[in-house]
Each structure stands twice: as C-alpha cells, then as structure tokens.
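Visitor: Hi! Could you walk me through this one?
Guide: Happy to, here it is.

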Amino acid sequence: MGRTLEDKQQIVEELKQLLGESEMALVLDYCGLSIKELSDLRGRLAAANSVCKVTKNTLMRRAIDGDSTWSHLEPLLNGTNAFVLVKGDVGGAVKAVQSFQKDRKKSELKGGLYEGRLLSLADIKAIGDLPSKEVLIAQIAGAINAVATQVAVGINEVPSGLARALKQHAAGEGS
C-alpha cells in the first residue's frame with residue numbers, strides 16, 4: 001500500500017525540520033542492511049546527537065528544494081539512501097558511521113554536505129580523523145597550563161636571581 005499525499009507532506013515537513021536543526025548531512029547507501037543493522041547505526045548515532053533517516057530520494061528532493069544550504073545534496077540523491085543528519089558532534093557522528101561500516105562491511109558512504117559545501121569521501125575521512133572535542137579541550141588546557149607555569153617560574157626567577165647576585169656581590173666585598 002502506497003503512502004498518501006498527506007503522509008508524504010508530513011515526511012517532507014519532518015525532513016525540513018531535521019535539516020533546519022542539522023549542521024551536516026551524510027548520504028549512506030544502505031542497500032543490504034537489515035532493520036537490526038540500521039537500528040545499530042541509529043543507536044551509535046544517538047550518542048553524537050544525530051539521526052539516521054531512510055526515505056525516498058524524491059521526498060528528500062522536495063525537502064531540500066529551494067533551500068540554498070542543502071540543495072547541493074541533489075547529486076547524491078540516487079539509489080537506496082539513508083541520510084545521517086548531524087546536529088552536534090560532527091566528528092563523533094562521522095566516527096560512529098565509520099565504526100559501523102568497519103563492523104558491518106555492507107554500507108558505503110556516498111558523500112556529505114557541511115555548511116553548504118559538498119564533501120568528498122576524503123573530506124569525510126579527514127573529519128573522522130580529527131580528535132574529539134574533549135581531547136581538543138584537554139590539549140588547549142594543557143597548553144594554557146604550560147604557559148602559566150612558565151610565566152610563574154619566570155616571575156619567581158627574577159627575585160631569586162637578584163638575591164643570588166646580591167649574595168655574590170656581598171661575598172665579593174667581604175674578601
């Protein structure tokens with residue numbers, strides 16, 4: 001039984017809403033994946049505040065029609081597609097998809113879109129290779145802490161150096 005026009009309009013509106021909240025979209029060929037495997041992918045993506053939607057390309061075309069941010073997805077809309085819509089942790093979502101693909105060896109990324117720019121597979125791999133937000137914050141905090149320590153040591157060295165110089169000068173006069 002086919003979908004009614006109302007159902008299709010509702011799906012298009014839901015896609016528009018999800019795209020409006022998303023920073024990035026990945027297009028994944030889901031041919032050969034079972035419902036259980038798609039559920040596994042959705043579970044992995046939930047941790048990165050992302051969703052996986054399986055919908056017809058025609059409905060996605062309608063959702064992106066007239067939207068300059070997402071219209072560049074058009075060339076990827078062929079075949080059997082699942083759309084990974086990323087709301088927050090872009091790197092985490094890409095890593096979740098890559099981990100899923102490595103474990104399942106069934107799905108294939110076709111490409112993606114980030115900030116209106118079409119991403120190649122190499123671009124997506126580079127995003128996945130970036131350290132997580134937490135690691136970057138820790139690295140920045142460590143660098144700031146190192147600078148603060150060096151400044152403190154330098155400031156502390158001024159009176160110590162002056163005291164040593166005075167002591168040497170006093171020792172030189174006493175002889």
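Predicted model: local features only at pLDDT ≥ 70, side-chain atom pairs only at ≥ 80, totals over all residues.

Guide: A word on naming before we start: helices (H or I, at least four residues) and strands (E, at least two) are DSSP runs, numbered from the N terminus. Residues are numbered from 1 along each chain as its sequence is written.

Visitor: Thanks! Where is Asn49, then?
Guide: Asn49 sits in the loop between H2 and E2. Its phi is near 55°, a positive value in a residue other than glycine.

Visitor: And is Glu115 buried or exposed?
Guide: Glu115 counts as exposed, at 65% relative accessibility. The cut-offs are under 20% relative accessible area for buried, over 50% for exposed and partly exposed in between, with a 1.4 Å probe and protein chains only. Glu115 lies in the loop between strand E4 (108-114) and strand E5 (117-119), and its phi is near 50°, again positive in a residue other than glycine. As for Asn49, that residue is partly exposed at 46%.

Visitor: Switching topic: how many salt bridges are there?
Guide: The structure holds six, where a salt bridge is a side-chain nitrogen of Lys or Arg within 4 Å of a carboxyl oxygen of Asp or Glu. In one of them, the side chains of Asp103 and Arg44 meet at 2.8 Å, N to O. Asp103 lies in helix H4 and Arg44 in helix H2 (residues 35-46), so this pair ties together parts that are 59 residues apart in sequence.

Visitor: Which residues form a network of salt bridges?
Guide: Asp40, Arg44 and Asp103 are linked that way. Asp103 is partly exposed at 49% relative accessibility, and Arg44 is partly exposed at 22%.

Visitor: What does Lys87 pair with?
Guide: Lys87 meets the side chain of Glu21 in a salt bridge, 3.3 Å from N to O. The two residues are 66 residues apart, with Lys87 in the loop between strand E3 (81-86) and helix H4 (90-104) and Glu21 in helix H1.

Visitor: And Glu74? Which residue is its partner?
Guide: Glu74 forms a salt bridge with Arg61, the closest N and O atoms being 2.8 Å apart. Here Glu74 is in the loop between helix H3 (57-64) and E3, and Arg61 is in helix H3, so the link spans parts 13 residues apart in sequence.

Visitor: Since you mention H3, which of its residues are buried?
Guide: The buried residues of H3 are Asn57, Leu59, Met60, Ala63 and Ile64. They cover an arc of only 160° around the axis, which puts them on the same side of H3; the arc is that of the directions from the helix axis to the C-beta atoms.

Visitor: What do they pack against?
Guide: They pack against H1 and E3, with contact meaning heavy atoms within 4.5 Å. After H3 comes Gly66, whose phi is positive, near 80°.

Visitor: Last one: what lines the second largest pocket?
Guide: The lining is Arg3, Ile11, Glu14, Leu15, Lys53, Val54, Thr55, Lys56 and Leu59. On a 1 Å grid over the protein atoms alone, a pocket is an open set of points where a 1.4 Å probe fits, with protein on both sides within 12 Å along at least five of seven lines, and lining residues have an atom within 4 Å of a point.

Visitor: Which element gives the most to that lining?
Guide: H1 does, with three residues.

Notes: Heavy atoms only, no water.
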